[in-house]
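Hi everyone, thanks for coming. Today I'd like to walk you through one structure, step by step. Here it is on the screen.

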Amino acid sequence: MNYPRTLQWLGDAAGGKLVIIDQTRLPGELAYLELDRPEQLIDAIQRLAVRGAPAIGVAGAYGCVLALRAGQGEAGLDGLAQARPTAVNLRWAVERVRKEAGGDPVRALAAAQRIHAEDVSACQAIGRHGAKLIQPGMGVHTHCNAGALATSGMGTALAPMYVAHGNGVKFRVFADETRPLLQGARLTAWELDQAGIDVTVIGDDMAAVVLREKKTQLVITGADRIARNGDAANKVGTYALALAARVHGAPFYIAAPRSTFDAAARSGADIPIEERKESELRQWQGALLTPLGAKVFNPAFDVTPAELIAGYITEDGILSAAELAGWLG
Ligand code: MRU
């Protein structure tokens with residue numbers, strides 16, 4: 001299957017480095033960043049050079065190798081875990097490496113490689129389970145980017161599309177552009193186009209019309225953190241899409257691996273929502289889009305309540321909200 005390799009560790013624990021696609025440069029340029037200091041990785045995560053919940057989890061796991069070998073100890077691991085607040089995968093991965101490595105960079109690398117391999121196979125399983133939802137001739141709607149670029153494998157929401165395409169099923173994808181940072185227009189459209197999958201970019205404000213006109217009959221998005229009751233935080237705009245899907249009769253699914261579920265969060269109210277800087281909304285390539293006197297509110301994520309979600313496409317199959325508590329243990 002033809003999808004981008006978002007991140008890769010090259011070399012051993014002592015001298016190795018993390019190589020990532022610089023997603024801020026797509027779709028214009030496929031450029032890579034080589035990171036050998038933890039501060040470089042934290043900066044890359046905060047600027048969204050690497051982004052998407054599972055991808056920042058795997059990157060954070062490799063970041064533990066960088067922090068431990070730089071002698072930063074526990075404080076270095078804390079800094080990585082806190083680089084972005086909403087996607088629970090980052091904290092989950094750093095805490096797992098902390099436990100499995102006992103401060104040793106060599107053991108940290110082995111732990112990060114296990115997390116990486118598990119992410120690749122979770123994406124494949126999500127793809128296999130979710131592909132059953134995609135019927136020939138269908139329009140599939142997605143928001144933001146939950147593809148290969150958002151994971152270390154073939155993605156979560158886009159994995160069923162890669163598998164269905166590989167099986168010869170003909171379908172169309174509608175990708176919301178995803179204001180303000182355009183992950184749908186820049187990243188989802190880029191990777192689906194590279195794979196030869198029919199993709200149409202629409203403004204976020206067109207989503208309800210596209211659903212009403214039955215251009216799309218199925219919605220699949222990813223998530224950054226899913227609470228025990230099934231409430232799911234994902235890129236801002238997902239909630240509005242789920243509402244429109246409900247009104248127009250399209251089932252709305254979330255695709256996510258176990259590492260995106262936060263068993264300690266009872267509901268969406270327990271999920272921290274990242275607020276990003278004003279300039280992302282206020283400016284476009286240096287030009288002002290708003291008067292300076294106007295305030296700007298720029299949360300990066302919103303929470304879709306479980307009652308709007310038809311199911312959760314996980315590595316263990318498609319689960320209902322009622323099944324989650326038992327699955328999470
Ligand atoms: O701010 P981003 O680009 O990191 O937001 C990403 C998303 O909202 C994705 O949908 C989510 O992380 C799932 S990625 C498989």
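I'll talk about the helix packing, then the cores, and then some local details of the backbone.

First, a word on what we are looking at: this is a predicted model, where local features need pLDDT of at least 70, side-chain atom pairs count only at pLDDT 80 or more, and totals for chains, interfaces and linings use all residues. Residues are numbered from 1 along each chain as its sequence is written, and side-chain values use heavy atoms, with hydrogens and water left out.

Let's start with helices. When I say helix, I mean a DSSP run of H or I with at least four residues, a strand is a run of E with at least two, and both are numbered from the N terminus. Two packed helices are described by the angle between their axes and the distance between the axes. The axes are lines fitted to C-alpha atoms, for helices over the stretch in contact, and the angles run from 0 to 180 degrees between N-to-C directions.

Please find helix H3, residues 73-81, and helix H4, residues 88-101. Their axes come within 8 Å and cross at roughly 160°. That makes H3 roughly antiparallel to H4; the cut-offs are under 35 degrees for roughly parallel, over 145 for roughly antiparallel, 65 to 115 for roughly perpendicular, and oblique for the rest. H3 and H4 cross in a right-handed way, where right-handed means that the near helix is turned clockwise from the far one by less than a right angle, and left-handed means anticlockwise.

Which residues of H3 and H4 meet? On the H3 side they are Glu74, Leu77, Asp78, Leu80 and Ala81, and on the H4 side Leu90, Arg91, Val94, Glu95 and Arg98; contact here means heavy atoms within 4.5 Å. Sorted by class, this contact has 5 nonpolar, no polar and 5 charged residues. For the classes, Ala, Val, Leu, Ile, Met, Phe, Trp, Tyr, Cys and Pro count as nonpolar, Asp, Glu, Lys and Arg as charged, and the others, Gly among them, as polar.

Now look at H3 from its other partner, H2. The axes of H2 and H3 come within 9 Å and cross at roughly 150°, so H2 and H3 are also roughly antiparallel to each other. This crossing is right-handed too. H2 brings Gly60, Gly63, Cys64, Ala67 and Leu68 to the contact, and H3 brings Gly73, Gly76, Leu77 and Leu80. By class, the contact of H2 with H3 has 5 nonpolar, 4 polar and no charged residues.

On to the cores. A nonpolar core is a set of buried Ala, Val, Leu, Ile, Met, Phe, Trp, Tyr and Cys residues joined through side-chain atoms within 4.5 Å. Buried means under 20% relative accessible area, exposed means over 50%, and partly exposed lies in between, with a 1.4 Å probe and protein chains only.

How many residues does the largest nonpolar core have? It has 38, and those with the most contacts inside it include Leu7, Leu18, Ile20 and Val97. The largest share of this core, 12 residues, comes from H2. There is also a second, separate core of 28 residues, which includes Ala148, Leu158, Ala164 and Phe171.

Glycine 166, which lies in H6, is exposed, with a relative accessible area of 55%.

Last, the backbone. Most residues other than glycine have a negative phi, and most peptide bonds are trans. Cysteine 144 has a positive phi, near 65°, and is buried at 6% relative accessible area. Threonine 178 has a positive phi of about 75° and is buried at 0%. Both cysteine 144 and threonine 178 are touched by glutamine 183, a residue of helix H7 that is buried at 3%.

Where are the cis peptide bonds? One joins leucine 26 and proline 27, with omega about 10°. Another runs from arginine 179 to proline 180, with omega near 0°, and proline 180 sits in the loop between strand E5 and H7.

Notes. Lists of a residue's contacts leave out its neighbours within four places in sequence.
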